[in-house]
Amino acid sequence: MSSPHSPAHAPVGDVGTALMLIDSQLKAIRAGRTEHDPEQQALSDQFMASLGPEGAVAVLDGTCTVIYMFMSWLRQAHEHEDKDVIEYVVPTLVASLRLMPMSVRPETIPTMSALVIAAGTGVSPTLWREQYGEWTEKEITALEATTVLLAEHISRVTEDPDFAIRMVNESLASAEDR
């Protein structure tokens with residue numbers, strides 16, 4: 001019997017835009033731009049506002065889809081090594097989020113942990129989160145950080161800085177071909 005929180009029942013969302021935002025963050029970090037950039041933030045805010053409320057929700061859903069894809073890949077990679085993805089990914093993620101108290105509020109870390117655990121166990125992050133109401137602004141910032149950290153984790157595992165983004169892009173292209 002299929003769970004009502006199965007990814008098959010979840011909206012995919014705007015994965016392309018979510019991926020573009022994640023890739024932009026990764027490139028900025030790798031270029032050493034880790035300080036808050038008001039100009040970049042203003043452009044990002046303007047872009048998100050241009051999407052409207054429905055577009056913003058689609059980007060949130062797309063971000064959750066990306067998290068699901070990242071965790072699915074990580075689960076398969078860890079199972080190949082007879083390891084538990086939750087045991088090896090979640091503690092590192094939590095530790096990294098805790099190192100970012102200016103961006104990631106401590107009260108959002110349990111939500112991000114649970115969201116990643118849901119994805120790692122085959123549950124849709126979007127549908128899991130819907131149980132708890134609307135996203136808060138603090139959670140959205142934490143969600144962005146979580147996604148970037150997962151992408152970076154995949155990059156370290158594969159020793160390829162572009163692997164995570166490329167993997168999702170290739171999956172999107174493959175889905176479009178079908």
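The model is predicted, so local features need pLDDT of at least 70 and side-chain atom pairs count only at pLDDT 80 or more, while totals for chains, interfaces and linings use all residues. Residues are numbered from 1 along each chain as its sequence is written, and side-chain values use heavy atoms, with hydrogens and water left out.

**Helix pairs**

Two packed helices are described by the angle between their axes and the distance between the axes. Axes are lines fitted to C-alpha atoms, for helices over the stretch in contact, and angles run from 0 to 180 degrees between N-to-C directions. Helices are DSSP runs (H or I, at least four residues), numbered from the N terminus.

α4 spans residues 109–120 and α6 spans residues 137–158. Their axes lie 10 Å apart, at an angle of about 50°. The two helices are therefore oblique to each other. Angles under 35 degrees count as roughly parallel, over 145 as roughly antiparallel, 65 to 115 as roughly perpendicular, and the rest as oblique. The crossing of α4 and α6 is right-handed. A crossing is right-handed if the near helix is turned clockwise from the far one by less than a right angle, and left-handed if anticlockwise.

From α4, Thr 111, Met 112, Leu 115 and Val 116 meet Glu 139, Ala 142, Leu 143, Thr 146 and Leu 150 of α6. Contact means heavy atoms within 4.5 Å. By class, the residues of this contact are 6 nonpolar, 2 polar and 1 charged. Ala, Val, Leu, Ile, Met, Phe, Trp, Tyr, Cys and Pro count as nonpolar; Asp, Glu, Lys and Arg as charged; the others, Gly among them, as polar.

α2 also packs on α6, at an angle of about 30° and with the axes 10 Å apart. This pair is therefore roughly parallel. Its crossing is left-handed. Residues of α2 in the contact include Phe 70, Met 71 and Leu 74; those of α6 include Leu 143, Thr 146 and Leu 150. The contact of α2 with α6 has 13 nonpolar, 6 polar and no charged residues.

**Nonpolar core**

The largest nonpolar core holds 39 residues. Such a core is a set of buried Ala, Val, Leu, Ile, Met, Phe, Trp, Tyr and Cys residues joined through side-chain atoms within 4.5 Å. Phe 70, Met 71, Leu 74, Leu 150 and Val 168 have the most contacts inside the core. At least two core residues come from each of α1 (15–30), α2 (38–80), α3 (85–98), α4, α6 and α7 (163–177). α2 gives the most, with 9 residues.

Leaving out residues up to four places away in sequence, Met 71 touches Val 85, Val 89, Val 116, Ala 119, Gly 120 and Leu 150.

**Single residues**

Buried means under 20% relative accessible area, exposed over 50%, and partly exposed in between (1.4 Å probe, protein chains only).

| Residue | Relative accessible area | Class |
|---|---|---|
| Ser 113 | 11% | buried |
| Asp 162 | 41% | partly exposed |
| Glu 159 | 73% | exposed |
| Asp 82 | 76% | exposed |

Ser 113 lies in α4. Beyond four places in sequence, Ser 113 touches Val 90 and Val 94.

Asp 82 sits in the loop between α2 and α3. Its phi is positive, about 55°, although Asp 82 is not a glycine. Glu 159, in the loop between α6 and α7, has a positive phi near 55°. Asp 162 is placed in the loop between α6 and α7. Asp 162 and Ser 72 are 90 residues apart in sequence, and 17 Å apart in space, C-alpha to C-alpha.
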